Amino acid sequence: MNSRSPIFISLSASLFLWTCATLLENSEVCKEESKTLNLMVQISQSGRDLTSFIIALEVALDIINNNCIILPCYHLSHSEIIDPQCEDNPAILGFIEGVYNDSQNHIMAILGGCSVSVQPVASLAHFWNLVQIAIEASSPRLSSTQEYPLFLRSVPPDNNITPGISGLMRHFRWEHIAIVTQEEDLFTFTRNALSNELMRNNFQVIHSASFPTNQNPQGMIDSLKRSNSRIIFLNCYEESAIEILCQAASLGMTSPSYAWITYGWYVESFWTQDVDYSTRNYQPHNCTTSQIKAIINQLILITYYPSYDNEMSSETVGNLSLHEFWNRYEEKRNKSFSNSTKNTEQNDLALFAYDTAWLAAKALDKTEKQLMMENSTMKLEDFHEGNGMFKQQLAQKIYQNALNTSFQGLTGKYRLNENGDRFSELLRVHQYTTGTGELRRVSIGNIKSTGSVNLIPEGQIFPGGTPVTFIIETITLTIFIVYTVLSIVGIIFAVVCLLFNCYFRKKMIIHLSGPSMNVVFIIGIITLYLLVILFGIDDGLVSFTAASGLCQFRIWVAVLAFSLIYGAILSKTFRIYYVLRKARRGKPSTSQKTIQDWHMFILIGVLLAIDVVYLLIVTAVPEAILRLETQLIPTVNGELPSKYSVCTSTGSNIWIPILLAYKGVELIFSLFFAFETRKIRVKELNDSKMIVFSVYSIVLAVIAITP
C-alpha cells in the first residue's frame, strides 16, 4: 500500500493529535506558566546580505513554538539582533552587553556571519557557560575545543574543501596549483591543510603567495604569471579576490589558458559589492565590465552544503519541504521585512539558519527530558539565576545533547563531529558562466568525501578547452605511423632475405657467407625493427602504467637483439680468423678441426645466457628496475613548461655502465677479428669493412644518447 494514501495520512494525523492532547492534559501547568527561553543572536550584516538569516530563524521558531512535542513547557524566542559589522571589537562589546542585560535570560547563543566576529565571542562565551551555535563561520581555527569549548556550527570548516580541490585536479589531470592567501586565520589554516592534502596525493604547489588584508594584492600577479601557474586557488575574501582577478584580466590570465578556483560562500555578484577602502592602502580596481566577465567566466567555486537530495521530501525537520519553507519565508518577509533596506531575497544562507534553530531547540528539548528522567532540581528556566556550578553542569548537558543530535535538515543530513563541526559528506561545485549573456552561477556537480567526482561533461565546463598545467611532449601519431610503416617494410625485407638465404643455402656464394649465422643475424635484425615500434609507444598512445611496463620490456628486447646480431657476426668472423690463423702457421685445416655451426651456436648461446642473467638481475633488484617518470622543462616569460616521460631507475648509474662495458667487450672482439681478417681476398668471406662500419655506428649512437 502507498505510504501516502489517505488512510495512512489520517491515522498519522490522529496519532499526532492524540499525542499532543495527552501532553497538554498532563502538562496543564506548563501551558499556563509557559517559560520563555531566549537565544542571544549576533549576526554580521555589514557588506553581506544576512537579513535572510533572521527571517529563517523566525520561521523555524514559529514552527518550534507551535509544536507540542518539542519544548512543550517553553516558548523559544530570540533577543534583539546584535550586529558586530564583521569586526572583532564590536562583536565583543555586543556580547558583553547582551550577557549583562538582566531582561534577557539567554540560555544559548546563535552566531553568524564572519569568522572574524565569531571567533572572539566564541573564545569568551564559555566563561558565561553559554553554548553557541554558528550559522556560518568556517574558520578552521574554530575547530579547537580547547580555545572554543562550547562552540558548535552548522557548516564544516573551510579546510574541508581541500579534498574537493584535490579531486578536481585529479579529474582534470592537473599536476600543480598556485595558492594566493589572505593573511587571516580563516585562510592560513586552509592553505596549510591544502598543501598537505596535495602532497599526499602527489600534486605540487608550484607557487604560494600571501598578502595582508590592508594591502593591495594586485602586486603579486606579475610573479604569479611568471611562475607558469595555470591553476590558481584564491584563498581570500571576495573584495580581495576581485582585485586579484581584475589585475589578472589585464594580463590576459583568463580561460581557457587559466583556471581559477575559490570558495562557494562568496556572495553571488561579489564583484558588485561596496567595499570600504578607507582602511586599505590602495584604491579600488578600475576593471571594465567586459574584463570582469572575461575573468569571472568559468570561475569554479567549491562549497559544502546545502545538498538538495531531499528537495521534494517532507521528511525534513519540521516536516517542511524546501518549497514549503520558501513559501513561509516569503510570507514572513512580506509581513515583517517589507520595508527593510536590506535585500532579503531567497538564498542558501537562510536554510542554515533554519537548521541551526532546530539544533538549538532539539538540544534544549533533550536536556529538559534528561533532567526530568534524572529527577533533577535543575530547570532550563533557572539557568540565568543559577550559580556557577549549576550553569556549568547545565551548559555541558546542552552541549553534549547538541553533539549527539542528528536530523534531516533543509541543508541535508545534520550531524556534528566531536569538535562541534558539521560533517561534510558532499562538496558542491559551481561555476560562473555567461551562457545567457549575463554572468550567473550554475551547479556543475559534486565531489563526495570518498574522493569520487561527479561533474557534467568536461566540454561543458570548459567549452574553449580545459586549462593545462604543462605541454605534454610525446611522439606524435604521424611520426609513430611513419616509423612503424618503415619498420614493417624493413621486417618484410628481412623476411624475404631470410627465405632467400634458406632457399639458396647450398649455393656457393650463400654457403660461404654462413647461412646458419645469417638466420641468427636476420632474426636479430627483425627484433631490432620491432624495437623501433616499441620505442614509438609512449604515454601519449597508451596508459602511463602500460608505458612504464614497456620500459623494462624494451631493454630485454634491445639486449637480446644486440647479442643475436653481434653474436652472429662475432661467431662467423671468429671462424674465419681461426682458419686463417691455422693457415698462417702452416697447419692444414681438416673437417675434424674446423669450427662447425654448432660451435658457433654454443658461443651465441653463451652470450644470450649472460644477457638473461643480467636482465633477470635488473628485473629483480628494485633499484635497477626501469620505470617511467615525468620530467619538466622549465620555461620563462609565463610560457607553459614542457613535460616528457623518460625510463629511468635509481640504480641506472650502476647497471647501465655494466651493460655498456659488457657489450663493449663484444664490439672490441668484433673489431679485433675484423682487423685480423681484413686481407682475405675472397670477397664473400671478407666482412671487415661492414663490421667496422656497424661498430662505428653503434658507438656513435651510444655516445649520443648516454648524456
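A: The place of arginine 441 is in strand β14, residues 440–448, and the model in which this is read is a predicted one.

Q: What makes the approach of arginine 441 to tyrosine 432 a polar contact?
A: The side chains of arginine 441 and tyrosine 432 are joined at 2.9 Å, and the cut-off for such a pair of N or O atoms is 3.5 Å, so the label applies. Leaving aside residues up to four places away in sequence, arginine 441 touches several residues, including Gly264, Leu301 and His430.

Q: Why is the pair of aspartate 62 and lysine 332 called a salt bridge?
A: The closest N and O atoms of aspartate 62 and lysine 332 are 2.8 Å apart, and because the limit is 4 Å, the pair qualifies. Aspartate 62 belongs to helix α3 (residues 51–65) and lysine 332 to helix α11 (residues 322–336), so the pair ties together parts that are 270 residues apart in sequence.

Q: How do you know whether lysine 332 is buried or exposed?
A: Its relative accessible area is 16%, and since buried means under 20%, lysine 332 is buried. Aspartate 62, by contrast, has a relative accessible area of 35%, which lies between 20% and 50% and therefore makes aspartate 62 partly exposed.

Q: Where do lysine 369 and aspartate 365 lie, and what separates them?
A: Lysine 369 and aspartate 365 are both in helix α12 (residues 349–373), and because they are four residues apart, about one helical turn separates them. They form a salt bridge whose closest N and O atoms are 2.7 Å apart. Aspartate 365 counts as buried at 7% relative accessibility, whereas lysine 369, at 36%, is partly exposed.

Q: Which residues are linked in a network of salt bridges?
A: The network links Arg141, Glu147 and Asp185. Within it, glutamate 147 and arginine 141 have their closest N and O atoms 3.1 Å apart. Glutamate 147 is partly exposed at 34% relative accessibility, as is arginine 141 at 27%.

Definitions and conventions
Residues are numbered from 1 along each chain as its sequence is written. This is a predicted model: local features need pLDDT of at least 70, side-chain atom pairs count only at pLDDT 80 or more; totals for chains, interfaces and linings use all residues. Side-chain values use heavy atoms; hydrogens and water are left out. Helices (H or I, at least four residues) and strands (E, at least two) are DSSP runs, numbered from the N terminus. A polar contact is a pair of N or O atoms within 3.5 Å; within protein, one must be able to donate a hydrogen and the other to accept it, and residues adjacent in sequence count only if both atoms are side-chain atoms. Contact means heavy atoms within 4.5 Å. A salt bridge is a side-chain nitrogen of Lys or Arg within 4 Å of a carboxyl oxygen of Asp or Glu. Buried means under 20% relative accessible area, exposed over 50%, partly exposed in between (1.4 Å probe, protein chains only).
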